[in-house]
Amino acid sequence: MQWHILGAGAIGLLWAAKLQRAGHRVTLILSGPQKLNQYNEIEHFSVTSEGLTDRFNADAELAEHTVPIHHLLITTKSFAAVDAFNSIRHRLAGNARILLLHNGMGPQQQLVDENPQLEIWAGSTTDGAYFESPWNLVRAGIGDTQIGRLSEYGDEQFFEEMASVDGKLTMTTDINTVLWRKLAINCAINPLTALYDCRNGELLKYTDRRAAMAQICKEVDSVANALGITLFDRKLMEQAWDVAELTGRNHSSMQQDVSHNRTTEIETITGFFCKAAKQTSIPVPANQLVLEAIRNINEPDDY
Ligand code: KPL
């Protein structure tokens, strides 16, 4: 099968490697001529896992290319997903399948609403990888991925195909809840690690950080409950505590974005949550505070 991947970041290349290993052909759709030239100089990327490095020779092209797309994986940052999709929209075959794998919420539903005739799946992953150098990826942890269909129509056989690519992949009939669970954890950890400029585990070491995290979690629990979304079978703070402890040495994606002066995913994480809270009239001051604080660091001229 031929797959196109939009978003050649860590998760995109990790999936490109998984797909190629399973015998699929992969084409990376790169963000611009400079990136394409850079890739064309070496024409491969590598993935190191448990000390072993494998090379992968994926094809690469720009969105303007004309070859029809049948299987599309979107692994861009969440804020770029809709524009990236629209840049290749004209190339999608009538029966194309699209899988979105990114943090945050909002773009997934937006694409379904704007393209009701397409088969759209969404996923959430705890896979971890980072770049040691451009095009050289290190797999940090082998995580779980859950996918589920968001569009009205679709062929469940797609799951079987994907399960043969990743043995740890599971399917859910309620992807919305799965995305909310990841969103809740990201609300609890990401903005605070970015604001305190600390590793995930360092949130737990200080009373003020723990108190801020507990307040955020309490608000997320209340709103989710009011919206009829079942998060975890215990309080979010307990769940988020375990994740922060387990990933204690890691820098969250938002901490890394802020420290490298990159756009963060705050709008599709805490921003999405604060909008959802409005439907319930439950006040969410702790989340609102970190939303504004990250907006101020991130794009001071845009708000
Ligand atoms: O998903 C994450 C992220 O960094 O975006 C967490 C769970 C916080 C792990 O770092």
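**View 1. The largest cavity between the two domains of the predicted model.** Because domain 1 (2–172) and domain 2 (177–295) both contribute residues to its lining, the largest cavity lies between them. This is a predicted model, and a search of the whole structure finds 1 cavity of 30 Å³ or more. The elements that give two or more residues to the lining of the largest cavity are β8 (119–125) and α6 (175–196). The space in the largest cavity amounts to about 40 Å³.

**View 2. Residues lining the largest cavity.** The lining of the largest cavity is formed by His-102, Asn-103, Gly-104, Gly-123, Ser-124, Leu-179, Lys-182 and Leu-183. Its largest share, 3 residues, is supplied by α6. Sorted by class, the lining of the largest cavity comprises 2 nonpolar, 5 polar and 1 charged residues.

**View 3. Arrangement of domain 1 and domain 2.** The protein is divided into domain 1, spanning residues 2–172, and domain 2, spanning residues 177–295. A distance of 26 Å separates the C-alpha centres of domain 1 and domain 2. Across the two domains, 15 residues of domain 1 are in contact with 15 residues of domain 2.

**View 4. The second largest pocket and its lining.** The volume of the second largest pocket is about 170 Å³. Its lining consists of Met-105, Trp-180, Leu-227, Ile-229, Glu-267, Thr-268, Phe-272, Lys-275, Ala-276 and Gln-279. Helix α10 (residues 270–278) provides the largest share of the lining of the second largest pocket, with 3 residues. By class, 6 nonpolar, 2 polar and 2 charged residues make up the lining of the second largest pocket.

View 5. His-4 is located in strand β1, which covers residues 2–6. With a relative accessibility of 2%, His-4 counts as buried, because that value falls under the 20% cut-off. Between the side chains of His-4 and Glu-61 there is a polar contact at 3.5 Å. When neighbours within four places in sequence are left aside, the residues in contact with His-4 are Thr-27, Ile-29, Glu-61, Pro-68, Ile-69, His-71, Leu-72, Leu-73 and Arg-91.

Definitions and conventions. Residues are numbered from 1 along each chain as its sequence is written. This is a predicted model: local features need pLDDT of at least 70, side-chain atom pairs count only at pLDDT 80 or more; totals for chains, interfaces and linings use all residues. Side-chain values use heavy atoms; hydrogens and water are left out. Helices (H or I, at least four residues) and strands (E, at least two) are DSSP runs, numbered from the N terminus. Buried means under 20% relative accessible area, exposed over 50%, partly exposed in between (1.4 Å probe, protein chains only). A polar contact is a pair of N or O atoms within 3.5 Å; within protein, one must be able to donate a hydrogen and the other to accept it, and residues adjacent in sequence count only if both atoms are side-chain atoms. Contact means heavy atoms within 4.5 Å. On a 1 Å grid over the protein atoms alone, a cavity is a set of points where a 1.4 Å probe fits but cannot get out, and a pocket is an open set with protein on both sides within 12 Å along at least five of seven lines; lining residues have an atom within 4 Å of a point. Grid points are joined across faces, edges and corners, and a volume is the space filled by probe spheres set on the points. Ala, Val, Leu, Ile, Met, Phe, Trp, Tyr, Cys and Pro count as nonpolar, Asp, Glu, Lys and Arg as charged, and the others, Gly among them, as polar. Domain bounds come from an automatic or database domain assignment.
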